[in-house]
Every structure is written in C-alpha cells, then in structure tokens.
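Visitor: I have the sequence and the coordinates open. Can you take me through what is in there?

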Amino acid sequence: GNIELNMSEINLDDLIASVIDSFSSLIQNKKINIKINSDSSTIYADEKEMTIVLNNFISNAIKHTAGQISINVLDQVFTIENDGSSITDEQKEKIWDTYVSSDREGTGLGLAINKAILDLHHFKYDVYNTDKGVCFKVICKKGV
C-alpha cells in the first residue's frame, strides 16, 4: 500500500520484448513458440511495476504451456494466452489470492502481486479459458 507510482508513457511492444528476452534461454530449452501480434500501443503506467506484471504473467504462461504462447496487444489492451490445461471456476475465483498455486510449483505470489499493481493503476484484468488453454487479459485504459 506504500508504493508510489512513477507514471510515464510506455511502449508495450518494447516492454514485452524486454521481458521475453529475459526468459530467452528458458523459452529455447522448453522449445516454446511465442507468437506476438501488436499494434504498438502506448500506455501510461509505471514501467518498473508493469515489468513485474508482465514478468509474472509470462513466467506463469511458460510454466503452464504445452508449447505455444500468444501475446496480443490492441488499443491498450493486452492478452497473454498459453495453450494447455484450462482452469476450474474455483481456481478462477482464487487465482488472484496470495499463496494460491494450483500446481504447487510456484510461491503463489505472482498473480497476487499483479492484482495489487494493476489495482494501483486502476487497470481492469481477467482470466478465462479459451479453446487452447488459459488467457490473462489486461485493459490499460482508465474509465473503461
């Protein structure tokens, strides 16, 4: 609750590329294909905090993917979808809580941290199942 945001204009493409680059050896070792479709949206946010958010979402996608991650950016909205197992309705309700990790491989802090950071920015977010797996969606526009 004591985080002071340092707001600036951020290019989502650059931020996503930087985070993906930090996982490059893991992505290569696991033979993961990452598909990015972007309109080069710029958002107004704290770059350090949004790097943490993207790091947590992409780390989560890498951990749970069957081999394909799709990242889409359109009009200040981004989605990160990994193919693989879907999540239950019960998991969807608890996924943003601290220490809830469905696989016991992680600390269960990543999505709780993301929730706190996204709430500070007043961004909307959601998780849902798709035909391929699980998708996290973040709307980086205020007043939506």
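**Rings, helices and cysteines**

Guide: Start with Trp96, which counts as buried because its relative accessibility is 11%. Keep in mind that this is a predicted model.

Visitor: How many aromatic pairs does the structure hold?

Guide: There are four aromatic pairs. In one of them, the ring centres of Phe57 and Trp96 are 6.3 Å apart and the planes stand at 85°, so that pair is edge-to-face.

Visitor: Where in the chain do Phe57 and Trp96 sit?

Guide: Phe57 is in helix 3, residues 47-64. Trp96 lies in the loop between helix 4 (89-94) and helix 5 (110-121).

Visitor: What about Trp96 and Tyr125, what kind of pair is that?

Guide: Trp96 and Tyr125 are edge-to-face, with 4.8 Å from centre to centre and 65° between the planes. This pair also links distant parts of the chain: Tyr125 is in strand 6 (residues 124-129), and the two residues are 29 apart.

Visitor: Is Tyr125 buried or partly exposed?

Guide: Tyr125 has 22% relative accessibility, so it counts as partly exposed. The cut-off for buried is under 20%.

Visitor: Which residues do the ring pairs link into a cluster?

Guide: The cluster consists of Phe57, Trp96, Tyr125 and Phe136.

Visitor: Switching to helices. How do helix 3 and helix 5 cross?

Guide: Their axes come within 9 Å and cross at roughly 145°. The crossing of helix 3 and helix 5 is left-handed.

Visitor: Which residues make the contact?

Guide: From helix 3, they are Glu49, Met50, Ile52, Val53, Asn56, Phe57 and Asn60. From helix 5, they are Gly110, Leu111, Ile113, Asn114, Ile117, Leu118 and His121.

Visitor: How many of those are nonpolar, polar and charged?

Guide: The contact of helix 3 with helix 5 has eight nonpolar residues, five polar and one charged.

Visitor: Asn60 is on that list. What does Asn60 touch?

Guide: Leaving out residues up to four places away in sequence, Asn60 touches Leu111 and Phe136.

Visitor: Is Asn60 itself buried or exposed?

Guide: Asn60 has a relative accessible area of 15%, so it is buried.

Visitor: Now cysteines. How many disulfides are there?

Guide: The structure holds zero disulfides. Cys135 is in none, and the nearest cysteine sulfur to it, that of Cys140, is 13 Å away. For Cys140, likewise in no disulfide, the nearest cysteine sulfur is that of Cys135. The cut-off for a disulfide is two cysteine sulfur atoms within 2.5 Å.

Visitor: And are Cys135 and Cys140 buried or exposed?

Guide: Cys135 counts as buried because its relative accessibility is 2%. Cys140 is buried too, with a relative accessible area of 5%.

Visitor: One more, Ile27. Where is Ile27 found?

Guide: Ile27 is in helix 2, residues 24-29. Its relative accessible area is 10%, so Ile27 is buried.

Visitor: What does Ile27 touch?

Guide: Not counting residues up to four places away in sequence, Ile27 touches Ile20, Ile32, Ile34 and Ile62. Ile27 and Ile62 are 35 residues apart in sequence, while their C-alpha atoms are 7.4 Å apart in space.

Notes: Residues are numbered from 1 along each chain as its sequence is written. This is a predicted model: local features need pLDDT of at least 70, side-chain atom pairs count only at pLDDT 80 or more; totals for chains, interfaces and linings use all residues. Side-chain values use heavy atoms; hydrogens and water are left out. Rings of Phe, Tyr and Trp (its six-membered ring) pair if their centres lie within 6.5 Å; planes under 30 degrees apart count as stacked, over 60 as edge-to-face and the rest as tilted. Helices (H or I, at least four residues) and strands (E, at least two) are DSSP runs, numbered from the N terminus. Buried means under 20% relative accessible area, exposed over 50%, partly exposed in between (1.4 Å probe, protein chains only). Contact means heavy atoms within 4.5 Å. Axes are lines fitted to C-alpha atoms, for helices over the stretch in contact, and angles run from 0 to 180 degrees between N-to-C directions. A crossing is left-handed if the near helix is turned anticlockwise from the far one by less than a right angle, and right-handed if clockwise. Ala, Val, Leu, Ile, Met, Phe, Trp, Tyr, Cys and Pro count as nonpolar, Asp, Glu, Lys and Arg as charged, and the others, Gly among them, as polar.
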